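Here's a quick tour for anyone meeting this structure for the first time. Have a look at it below, then read on.

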Amino acid sequence: MSIRVKIIQPVKIKTDGYFDHVIIPGCEGDFGVSSEHTPFITKIRPGILTLYKDNTTSKLAIHDGFVTVENNQVWILCDTIEEEEEIDAERAQAARKRAENRLKSTETNIDFRRAEAALHRAIARLTIIKG
Amino acid sequence: MTGNIRYIKNRIESIKSTKQITNAMKMVAAAKLRRAQDRILKARPYADHINQMIKILKYKGKNSEHPLLCTSSESKEILIILTSDRGLCGSFNSNIIRQAMKYIHDKKDTDLICIGKKGADYLKKRTGRIIDTYKGIFNEMDFSVSKEIAAKILNFYLDKKYSAIKVIYNEFKSAIQQNIIIKDILPITIFTADNEISMLDYIYEPDQYTIIDELGKKYVNIELWRMLLESSAAEQGARMLAMDSATNNATELIKELTLYYNRARQARITKEIIEISSGAEAINK
């Protein structure tokens, strides 16, 4: 049994196809969806989305969004999702450094949650590049 | 006489070059319209799905007391006015500005946000209630820009200073038809029939309230984006139409002037011949 995964962005439909299994970074931890999963709605945290199909896997860096699971269909709504080819390694490195510096600094006017989110995004991107 | 002929000739030349420009603008508008339509289609699945999710959360989870979903007691409103950055698009901007002026005349307690240069320039002189303006975003349509604007709107709303945020814009019906509509963007109002809601029992993570929080933001993002796209498609449609009729008018004018030109030319020749022949007659006598 396979599940239908549809990744929808505001500007296009990124993926629409059948997969055996998918692992999604939910806001309370990664979770896997196989067929006959219970209806489920959750937020996504920055991380890596893995799609499994016939012994092949594809990994994508995902930043935010929502997942709805129902009737063997997985709907992923997100603003930003990138494959390996789409990621700019240098920019991700720079973003990681910047976020780390901000988190380390002792100034009070820093939005730590934002910096943390940026760090997570950069890490997700870099993980994809390294394979 | 000769002066008159030359004058007509010059007019014909100038109208011809105007016609070339309007024709080119028509083509450009047509191409941009196609691109804008394409983008509207691409944004649709995302918007539909967000709406679907909000429906589920609003009607199944009894979340109607969430601030994004229910009206507050304040009476002040924000009206967002979507116009174009450039002119030469027929009555596109004037219609929407007229409607907006009527609206704020009826509801005195309305603050304005202008998106698009034309509306901003016009309303700046006539009302003192503009709290924010955005210009030049239609040139390079980018989702991140719309996201920024949406974030600001959300802040205005969540600060509890306003009871509602409405958008007045040109809805894209077809290439030749635009409809001006006023739509509520906040609080989120989605009307639905009971049988449309899926009966599944969902598990929510972390919890419904947090999800509505986030989903509401996304909803505002995508709704605003959709309206911007519609408005830009409608603008291009209006421009295409305006430029088409301008081109037709120019063709008509050229035809008419050519007729005058030929008539004047003929009259001149006839006059010359009469002069010559009457001169010859005078010698023969």
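A quick definition before we start: two strands pair if DSSP finds at least two bridges between them. Strands themselves are DSSP runs (E, at least two residues), numbered from the N terminus. What you're looking at is a predicted model, where local features need pLDDT of at least 70, side-chain atom pairs count only at pLDDT 80 or more, and totals for chains, interfaces and linings use all residues. Residues are numbered from 1 along each chain as its sequence is written, while chains are lettered from A and ligands numbered from 1 in the order in which they are written.

**Where chains A and B meet**
- Phe40(A) stands opposite Ile203(B), which sits in strand 6 of chain B.
- Strand 5 of chain A pairs with strand 6 (residues 203-205) of chain B in the parallel sense, over 3 bridges.
- Chain A puts 20 residues into the contact and chain B puts in 21 (residues are in contact if their C-beta atoms, placed from the backbone, lie within 7 Å).
- On chain A's side, strand 5 (40-44), strand 8 (65-70) and strand 9 (73-77) each supply at least two residues.
- Strand 5 of chain A gives the most to that side, with 4 residues.

**Inside chain A**
- Chain A splits into domain 1 (3-82) and domain 2 (87-130), with bounds from an automatic or database domain assignment.
- The C-alpha centres of these two domains of chain A are 23 Å apart.
- Their contact takes 8 residues from domain 1 of chain A and 8 residues from domain 2 of chain A.
- On the domain 1 side, strand 6 (47-53) and strand 7 (56-62) of chain A are the elements giving two or more residues.

Notes. Two residues are in contact if their C-beta atoms, placed from the backbone, lie within 7 Å.
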